[in-house]
Amino acid sequence: MNLNRALVRLYPTSWRARYGEEFTALLEERPVGPFDVADIVLGAMDARLRLRNLHAAREPGGISMSLRIGGMAAIAGAALLALAALVSMGLAETSEAVPGILFVTGLALLLVALAGMSAFQARAHPRLAWVAFAVPAVGTLVSVLGLVGMSIVGEWAWTVWFFGTLTALVGSALFAVVTYRTAALSRGAALLLGVGSVLPFAGLVVPDSTIVLPPAIACFLVGWFLLGVHAIRLDRPATVARPV
Amino acid sequence: MQTKLPEFGRLAEPTLLILVSLSDGPKHGYAMMQDIEAGTGRPMGAGTLYAALARLEERGLIEPLPPVDRRRPYQLTAVGATNLAEQLRGLSEFAQMGLRQLGDSQP
């Protein structure tokens, strides 16, 4: 598979000479999802850093993707998006750029969350897990372009930002579906996220969107927050007893 | 040769989990990942697994066996088994001390 070959090529040549064959065989044994790709990218960085520091007194301590990183990114992303919403409603006085920066950073963190929390989902539904990651990734990029565009060409770029944001919502809805189906994390939180991701679309058709949007935003943010908390709780060190 | 956990930095736990997984016999990477996920309920990515395997092999705690169908099994060395036993004993003593103290403070 091309993706597997591309991932192995991220590692240094000497590493590939030693581990390349067995590593490729391992990647072929089960579907590779966003979590695995993020973990392999970090693993390749670690291998390159180690090679560079081979004769140093201390070698790099290792970097890896984990449910914990995904969970922390989900909580931070939800918090930043909540802050962006409060600031844009005028509840805090800031410069015009602040809500946009908070919003974009929040969306980027949710992408990290999607990768970090998708390990189990990708085994059961690899295609759905990949679509759930790729769609909001494109949406976030378009949203950033829209925000930058608004500062350059003015309100015209608002439409670009708006469609980028809707795409990010579609991705969150897909992640909610795949998480609910696999029961990899809290199903209640996945349900909340799903409702929060779909409700804003109802706001496009009802006469008064202010009825729909506040609960939608609340469900969306609380859903991500709770998924993050659950991921962190699952990622307890093995030396700490698990809840009975 | 004695290797304490902190030397592995952030890979301390993955290396311990791999040593425990290999404690009942040689395993290849995929079997170790399945074993660790079943035991901890958490995923271990292939990047983390091989970063930890490379360090363990370098320190002589595990050794590779000839590959079978491109999959290479690994096994604990005598040093690795001793090191694992030390680590587990240390954890066990720490847990017992904690339980004793907890018992002492309970009414």
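Trainee: So what should helix α8 of chain A span, with its 25 residues?
Mentor: At 1.5 Å a residue, helix α8 (residues 158-182) of chain A should span 36 Å, and its end C-alpha atoms are 36 Å apart, so the two agree. The expected span is 1.5 Å times one less than the number of residues. Helices here are DSSP runs of H or I with at least four residues, strands are runs of E with at least two, and both are numbered from the N terminus.

Trainee: Before I go on, what kind of model is this, and how do the labels work?
Mentor: It's a predicted model: local features need pLDDT of at least 70, side-chain atom pairs count only at pLDDT 80 or more, and totals for chains, interfaces and linings use all residues. Residues are numbered from 1 along each chain as its sequence is written, while chains are lettered from A and ligands numbered from 1 in the order in which they are written.

Trainee: Okay, back to α8(A). Which of its residues are buried?
Mentor: Among them are Trp161(A), Gly164(A), Leu169(A), Phe175(A) and Val178(A). Buried means that 20 or more other C-beta atoms lie within 10 Å of the residue's own; 12 or fewer makes it exposed, and in between it is partly exposed, with C-beta atoms placed from the backbone.

Trainee: And what covers those buried residues?
Mentor: The cover of α8(A) includes α5 (97-116), α6, α7 (126-153), α9 (187-202) and α10 (213-234) of chain A.

Trainee: What comes just after α8(A)?
Mentor: Ala183(A), with a positive phi of about 55°, although it is not a glycine. Ala183(A) sits in the loop between α8 and α9 of chain A.

Trainee: Is Ala183(A) buried or exposed, and why?
Mentor: Exposed, because it has 12 other C-beta atoms within 10 Å.

Trainee: Zooming out, how many helices and strands does chain A have?
Mentor: Chain A has 10 helices and zero strands. Its C-alpha trace spans about 65 × 50 × 35 Å along its principal axes, and 45% of its 244 residues are buried.

Trainee: Which residues have the most contacts inside the largest nonpolar core?
Mentor: Ala74(A), Leu114(A), Trp224(A) and Leu227(A), in a core of 93 residues. Helix α4 (residues 67-88) of chain A gives the most to this core, with 11 residues. A nonpolar core is a set of buried Ala, Val, Leu, Ile, Met, Phe, Trp, Tyr and Cys residues joined through C-beta atoms within 7 Å.

Trainee: What does Trp224(A) touch?
Mentor: Leaving out residues up to four places away in sequence, Trp224(A) touches Ala74(A), Gly77(A), Ala78(A), Leu110(A), Ala113(A) and Leu193(A). Two residues are in contact if their C-beta atoms, placed from the backbone, lie within 7 Å.

Trainee: New topic: how many residues does each chain put into the contact between A and B?
Mentor: Chain A gives 31 residues and chain B gives 22 residues. On chain A's side, α2 (13-27), α3 (34-52) and α6 (119-124) each give two or more residues. The largest share, nine residues, comes from α3(A).

Trainee: Last one: what is the mean pLDDT of chain B?
Mentor: The mean is 87, and 89% of chain B's residues reach 70 or more. Over residues 1-6 of chain B the pLDDT is below 50. That score is the predictor's confidence in each residue, from 0 to 100. Where pLDDT is low, the predicted coordinates should not be read in detail. The model scores ipTM 0.84 and pTM 0.80.
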